Amino acid sequence: MRIAFALAIACVPVLLLGPPSARADEPLDDAGASGTGHSESSAKTGRRDLELGVQLYGGPNGSFLDEPPASKKGIPKGTPGGLYPGFAGVGGGGGLSVVGMWRGIVGLDIGFHVSLDQGHGEINGIELNMNQVAVHVPILLRVAAPYRTVRPFLFVGPEIVAPLSPKIDLDPALPGATLASTADTYVAVAFGFGFDIRLPTDKLDVRIPLMLRGSYTPSVSDYVADRVTPGGVLYTAMDTTWQYQAMVTLGVAIYFL
């Protein structure tokens with residue numbers, strides 16, 4: 001995760017300045033064309049102060065739960081030891097969102113997507129496979145550089161996550177051992193960056209959005225005692241709330257205004 005955050009920070013200058021192709025593409029003026037000519041009224045120039053579009057997107061995702069240090073594995077809290085691994089795995093998903101932008105600079109991106117979130121961990125040769133289908137509702141503030149062809153942007157905001165049918169399997173299965181899973185609706189902090197690539201179409205404003213999305217759930221405790229229900233061979237139940245998630249998405253967007 002430290003490497004991912006470092007890469008994200010390193011990409012900030014690129015986003016602010018735009019990729020080479022975007023830097024060569026001048027920002028739009030008030031008339032909706034490149035250049036730095038004198039601004040005219042919206043009625044005379046056809047300037048789009050408001051952009052409103054719908055985008056479909058999908059792609060692979062990664063889900064992660066870190067392994068707490070030994071000092072936080074004990075049950076009750078404050079006692080050493082305990083058995084609890086970290087979890088990591090790859091899934092995927094897709095959905096749609098509505099994007100509204102003011103002059104191509106700042107706006108909101110409100111979405112809805114469904115994902116398969118899964119991860120794997122190991123305790124003494126026993127693999128624990130954690131998976132669930134989840135509904136995500138991100139409400140994002142988007143800030144962009146208003147270039148005509150390739151538009152870089154950053155986004156951040158809350159993401160409501162509603163897990164559906166969380167499940168944990170043991171491999172190999174232990175006779176008489178079952179491990180239940182629990183997960184309530186939670187709120188993560190979503191963030192990331194991307195590019196809108198505008199296609200050279202005449203009648204429709206069609207763009208290809210490419211995004212690298214991340215999320216962090218601050219409510220996930222560092223203590224194992226808060227993540228499990230003790231009992232049974234391992235535990236009676238485990239919480240399947242993901243601590244970190246990352247997703248790369250590719251899609252298509254149509255803007256109507």
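This is a predicted model: local features need pLDDT of at least 70, side-chain atom pairs count only at pLDDT 80 or more; totals for chains, interfaces and linings use all residues.
F191 stands opposite G214 in β8. Residues are numbered from 1 along each chain as its sequence is written, and side-chain values use heavy atoms, with hydrogens and water left out.

Strand β7 covers residues 186–198, and strand β8 covers residues 205–216. The two run antiparallel and are joined by 10 bridges. Strands here are DSSP runs (E, at least two residues), numbered from the N terminus. Two strands count as paired if DSSP finds at least two bridges between them. Strands of a sheet pair through backbone hydrogen bonds, either parallel or antiparallel.

Now step back to β3 and β4. Strand β3 spans residues 106–123, strand β4 residues 126–144. They pair in the antiparallel sense over 16 bridges. G119 stands opposite M130 in β4. The two strands form a hairpin with 2 residues between them. In that turn, N124 has a positive phi of about 50°.

Strand β4 also pairs with strand β5, residues 150–171. These strands run antiparallel, with 15 bridges. H136 has V161 in β5 as its bridge partner. Here too there is a hairpin, with 5 residues between β4 and β5.

What do these strands build? A closed barrel of 8 strands, with antiparallel pairing, in the order β1-β2-β3-β4-β5-β7-β8-β11. The twist averages 20° from one strand to the next. Such angles run from 0 to 180 degrees between N-to-C directions, with axes as lines fitted to C-alpha atoms.

Conventions: Helices (H or I, at least four residues) and strands (E, at least two) are DSSP runs, numbered from the N terminus.
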